[in-house]
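Please open the structure in your viewer and keep the selection panel at hand.

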Amino acid sequence: MKSDKKMRGLLVKLAQQEGFKGKAEQTALIQTHGKLGVSRVILLGLGARVKFTPEVLRLALGRGIKAANRLRAKTAVIQVPGVRELDASLQAIVEGAVLGSYRYDKWRTTNRDEKSAPRVDKVQLLLPDGVKKDKSMDATVAIAKAIGDAACFARDLVNEPAGTMTPTILAEQAKAMAKDAGLGLHVFDRKKIEELKMGMFLGVARGSVEEPKFIHLSYTPADPAHAKRAPVALVGKAITFDSGGLSLKPSEGMLEMKTDMAGSAAVLGAMKVIAKLKPPFPVHGFMGACENMPSGNAYRLGDVLVSRLGKTVEITNTDAEGRLVLGDVLAYANELKPAAIIDLATLTGACIVALGPWVAGAFGEDDQLMWSVLEAARASGEEVWRLPLTDTLKDVLKSEIADMKNAGDRNGGSITAAHFLKEFVGDTPWVHLDIAGPSNVSKEKGYMSRGGTGFGVRTLVEYIRRRTAELETAVDEPAES
Ligand code: BES
Ligand code: MN
Ligand code: ZN
């Protein structure tokens, strides 16, 4: 389809007949009856010019690919609009197309027609008039494809039922990915976690017959000078099922708790792309995988757990389990003396109450790292909003009998959770992302389908890319001693 003037005129006329005004989220289908090089045209509204961002395109492409699949199309030709940020737009288009193609149907045995129906498996990009293809565009498309695929990989991990996404299976998935991507991997079992004195992690894991797994992925640059640099540590919550433990959740709340490992899925997805990007500094991924279950061996309310750092914690609610596991894992990650720690966790329902289901909360006191993460999130089209680690809520976790307790009251619940985590990262620049809302959605939208979203993969990858660009433009940076 060459977009010459005559054809454009015809399309505009047909679009008008369809009542298509290009509003955001508006989609129109036009049959071409052989008049164009394609059989059908899907028009995707991009909304008001002043509100345009690459994310608008990403969402539109998701809608477009979903529509094309409903039409049983096998090939999609995408006309790239002539916009200012062409590189970011190309990336968004490819990510939107890959993410919009995602389906989780591995457990469906009925509705086979739907499963075996033709789907778009070839996408062709048409550049705007007057724009020539160059090598950097190929690179952009390749990275965007890798990011989209990695987010789909994360979605698969999140959508898998907890019975078949146990800590052991999650560790096996990490192992397969690491092998494929060329990343280093250590998986520690219960005995090793005991040796590491991760008393909070072990406390949570106790109630389940599933063995906990501590997963450590690492990317090391080939250049020894780069390998010596301070690493970035990515930490993901990996509760493969959160029943609440003895503080049992009601059924409705428990139903979606197979998704309580979405933080680790984001870290695994991001590491997969980072292995390809090969940044000039090491990157580590850490996750403490276990189930939170009630049983005769479960940790009790009132128990005191001793963390790896030696701090003691009185358990006032066994459903505040994520912070316990994360606390020990963050302390371990911090021992590498990283330049930055970013953790992602489906940590609190309170964060959904505060920001709604589409926006993640960000916590941390290092303004520089905070802005880097917020900018990376904005550029990648993931919505993240900073919440305060206010001192006014610091005392909520004071315990009568131990150094602290693990849960406060309902008020400011995501803030007190972040205060708890802060105890385990020392002075290291750290950002905590509470992704309880956007890690999975109950409504499809744009490039998202119901269930896991892969939220966090794009922000983490963008953060690493920006850090790489910063290091590469820094002149004569003295080596780390
Ligand atoms: N995994 C949950 C948080 C959550 C809730 C994620 C809803 C996604 C949707 C977490 O472990 C939890 O149970 N948090 C409690 C903390 C409370 C007991 C202090 C919560 O949010 O209610
Ligand atoms: Mn919980
Ligand atoms: Zn949880």
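Begin by selecting helices α12 and α15, where Arg323, Leu324, Leu326, Gly327 and Leu330 of α12 meet Ala417, Phe420 and Leu421 of α15, contact being taken as heavy atoms within 4.5 Å. By class, this contact has 6 nonpolar, 1 polar and 1 charged residues, where Ala, Val, Leu, Ile, Met, Phe, Trp, Tyr, Cys and Pro count as nonpolar, Asp, Glu, Lys and Arg as charged, and the others, Gly among them, as polar. The model is a predicted one, in which local features need pLDDT of at least 70 and side-chain atom pairs count only at pLDDT 80 or more, while totals for chains, interfaces and linings use all residues. Residues are numbered from 1 along each chain as its sequence is written, chains are lettered from A and ligands numbered from 1 in the order in which they are written, and side-chain values use heavy atoms, with hydrogens and water left out.

With both helices still selected, α12 (residues 322-334) and α15 (residues 413-422) have axes that come within 9 Å and cross at roughly 30 degrees. That makes α12 roughly parallel to α15, a term for angles under 35 degrees. Helices here are DSSP runs of H or I with at least four residues, and strands are runs of E with at least two, numbered from the N terminus; axes are lines fitted to C-alpha atoms, for helices over the stretch in contact, and angles run from 0 to 180 degrees between N-to-C directions.

Next, select the zinc ion (ligand 3), which is coordinated by Lys237 (NZ), Asp242 (OD), Asp260 (OD) and Glu321 (OE) at 2.0 to 2.4 Å; donors are N, O and S atoms within 2.8 Å of the metal (3.2 Å for Na, K and Ca). Asp242 lies in strand β7 (residues 232-242) and Asp260 in the loop between α10 (251-255) and α11 (262-277), so the pair ties together parts that are 18 residues apart in sequence.

The protein donors of the manganese ion (ligand 2) are Asp242 (OD), Asp319 (O), Asp319 (OD) and Glu321 (OE), at 2.0 to 2.2 Å.

Finally, select α11 together with α16 (residues 457-473), whose axes come within 8 Å and cross at roughly 35 degrees. Their contact has 10 nonpolar, 1 polar and 1 charged residues.

Terms used: Angles under 35 degrees count as roughly parallel, over 145 as roughly antiparallel, 65 to 115 as roughly perpendicular and the rest as oblique.
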